[in-house]
Amino acid sequence: MLKDLSLAYMLEGHKCLNDKKINSAILQLEKAILFDDSNWEAMNLLGLCFYTLGNFKEAKSIWSRSLSVNSKENNRALNYCNTLDEDEFQAICNSYNEAL
């Protein structure tokens with residue numbers, strides 16, 4: 001039953017994310033994870049929300065958590081974390097922060 005609730009919240013969070021309602025998506029995805037703390041797909045979507053908001057540290061934290069639940073190759077969190085660790089991405093972030 002809890003996994004069903006988690007799936008329902010995850011699907012609603014995904015819809016909100018697609019509709020660019022990031023804050024609503026975050027709330028739904030956090031509920032999905034609350035009902036099933038092994039829902040790595042909801043974690044990945046939550047990470048995308050934080051990434052969209054420019055909160056890369058929180059995104060990486062969530063994606064790392066997803067990888068601790070599912071470290072298989074089919075988990076996109078591995079690619080997401082690798083992207084954040086790339087020198088080119090770090091250089092862009094540094095330039096952006098300097099410009100601020």
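**Notebook: salt bridges**

I started with Asp19 and Lys15, whose side chains meet in a salt bridge at 3.2 Å, N to O. I count a salt bridge when a side-chain nitrogen of Lys or Arg is within 4 Å of a carboxyl oxygen of Asp or Glu. The model is predicted, so local features need pLDDT of at least 70 and side-chain atom pairs pLDDT 80 or more, while totals for chains, interfaces and linings use all residues. Residues are numbered from 1 along each chain as its sequence is written, and side-chain values use heavy atoms, without hydrogens and water.

I looked up accessibility next. Asp19 is partly exposed at 39% relative accessible area. Lys15 is partly exposed too, at 46%. My cut-offs: buried is under 20% relative accessible area, exposed is over 50%, and partly exposed is in between (1.4 Å probe, protein chains only).

I then asked how many salt bridges the structure holds. There are three.

Asp36 forms one with Lys3, and their closest N and O atoms are 3.4 Å apart. Asp36 sits in the loop between α2 (22-35) and α3 (40-52) and Lys3 in helix α1 (residues 2-18), so this pair ties together parts 33 residues apart in sequence. Helices here are DSSP runs (H or I, at least four residues), numbered from the N terminus. Lys3 is exposed at 52%.

Asp85 and Lys60 also meet through their side chains in a salt bridge, at 2.4 Å, N to O. Asp85 is in helix α5 (residues 77-85) and Lys60 in helix α4 (residues 56-69), so the pair ties together parts 25 residues apart in sequence. I noted Asp85 as partly exposed at 43%. Lys60 is partly exposed at 28%.

Notes. Helix = DSSP H or I, 4+ residues; strand = E, 2+ residues; numbered from the N terminus.
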